[in-house]
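Please look over the structure shown below before reading on.

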Amino acid sequence: MDNATRSERSRNAALDAATRIIARDGPGRLTLDAIARESGLSKGGVMHQFRTKEAVLKALLERQMEHFEEFSTRYMAKVSATSVNPNLATQLATVREAATSPNSAALALVAAMVENPGLMVLPREREMKRVAAIKAEAADPELALLRWAAARGLLLSSLFGMSPLSKDEHQRLFARLLDDDQWRPLEKSAKPRAIKAASASAAKAGTARKRA
């Protein structure tokens, strides 16, 4: 085994151990010593990969983001030719994937951001771009965002153990959120609102000119 492979295995072992510690004991118990004990690595081996706890949390966040980014890319390639709202469909499916993944990994992601709020900048920037894409493709941007927000609510309630719903109920709700046909009758085109607003502005401008 070459040094690069050995280093990668040690890094993954440390991150897996950190995930288990956070899920079992909470983020406050995450230390480099605890990671060493949990992973079977020496503390020096852990510190060779991560100098601080913050570095571990950042790596956990990046690993989870990479995992879901890969899922999103694959899903987008699958639905881009068939869905009228491919960006929305991809985000709904990605949230469903996060909701059905082991909670320890998702909790590690949340813990990383709670422990160091500065780490939220990158996920927030990506979410802003995704929301912009969802709004740009939608006939009814507000309804699209409602579906997106409902999916995230299902994820968070499940993640924190607050949901009274069964796994089957969660899956059925996600399926309905993903079904464009069920939502199409509720859509209100954004274009008439934009035209109405433009007409109102033009009318006000005309009134102002008459008064002048």
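A pocket here is an open set of grid points with protein on both sides within 12 Å along at least five of seven lines, and its lining residues have an atom within 4 Å of a point. The model is a predicted one.

Q: Which helix gives the largest share of the lining of the second largest pocket?
A: The second largest pocket has a volume of about 230 Å³, and 13 residues line it, with Ala99, Thr100, Ser158, Lys167 and His170 lying nearest its centre. Two helices, α5 and α9 (167-178), each supply at least two residues of this lining. The largest share, five residues, comes from α9.

Q: How many residues of the lining of the second largest pocket are polar?
A: Sorted by class, this lining has three nonpolar and two charged residues. The polar residues in the lining of the second largest pocket number eight.

Q: What is the orientation of α5 to α9?
A: The axes of α5 and α9 come within 10 Å and cross at roughly 170°. Angles over 145 degrees count as roughly antiparallel, and α5 is therefore, relative to α9, roughly antiparallel.

Q: Which residues of α9 make the contact with α5?
A: From α5, the contact takes in Ala89, Leu92, Ala93, Val95, Arg96, Ala99 and Thr100. By class, the contact of α5 with α9 has eight nonpolar, two polar and one charged residues. On the side of α9, the residues are Gln171, Phe174, Leu177 and Leu178.

Q: Which residues of α7 meet α5?
A: The residues of the contact of α5 with α7 divide into four nonpolar, two polar and two charged. On the α5 side they are Pro86, Asn87, Leu88 and Gln91, and these meet, in α7, Arg130, Ala133, Ile134 and Glu137.

Q: Which helix gives the most to the lining of the largest cavity?
A: The structure holds one cavity of 30 Å³ or more, and about 50 Å³ of space lies in the largest cavity. Its lining is made up of Asn85, Leu88, Ala138, Ala139, Asp140, Leu143, Ala144, Arg147 and Glu187, which divide into five nonpolar, one polar and three charged. With three residues, the helix that gives the most to this lining is α8 (residues 141-159).

Q: How far apart are the end C-alpha atoms of residues 31-50?
A: An unreviewed UniProt entry places the feature "DNA-binding region" at residues 31-50. In the model this span is 75% helix and 0% strand, and its end C-alpha atoms lie apart by 11 Å.

Note on methods. Residues are numbered from 1 along each chain as its sequence is written. This is a predicted model: local features need pLDDT of at least 70, side-chain atom pairs count only at pLDDT 80 or more; totals for chains, interfaces and linings use all residues. Side-chain values use heavy atoms; hydrogens and water are left out. UniProt positions are given in the numbering used here, feature names are shortened, and annotations may be inferred rather than shown by experiment. Helices (H or I, at least four residues) and strands (E, at least two) are DSSP runs, numbered from the N terminus. Contact means heavy atoms within 4.5 Å. Ala, Val, Leu, Ile, Met, Phe, Trp, Tyr, Cys and Pro count as nonpolar, Asp, Glu, Lys and Arg as charged, and the others, Gly among them, as polar. On a 1 Å grid over the protein atoms alone, a cavity is a set of points where a 1.4 Å probe fits but cannot get out, and a pocket is an open set with protein on both sides within 12 Å along at least five of seven lines; lining residues have an atom within 4 Å of a point. Grid points are joined across faces, edges and corners, and a volume is the space filled by probe spheres set on the points. Axes are lines fitted to C-alpha atoms, for helices over the stretch in contact, and angles run from 0 to 180 degrees between N-to-C directions. Angles under 35 degrees count as roughly parallel, over 145 as roughly antiparallel, 65 to 115 as roughly perpendicular and the rest as oblique.
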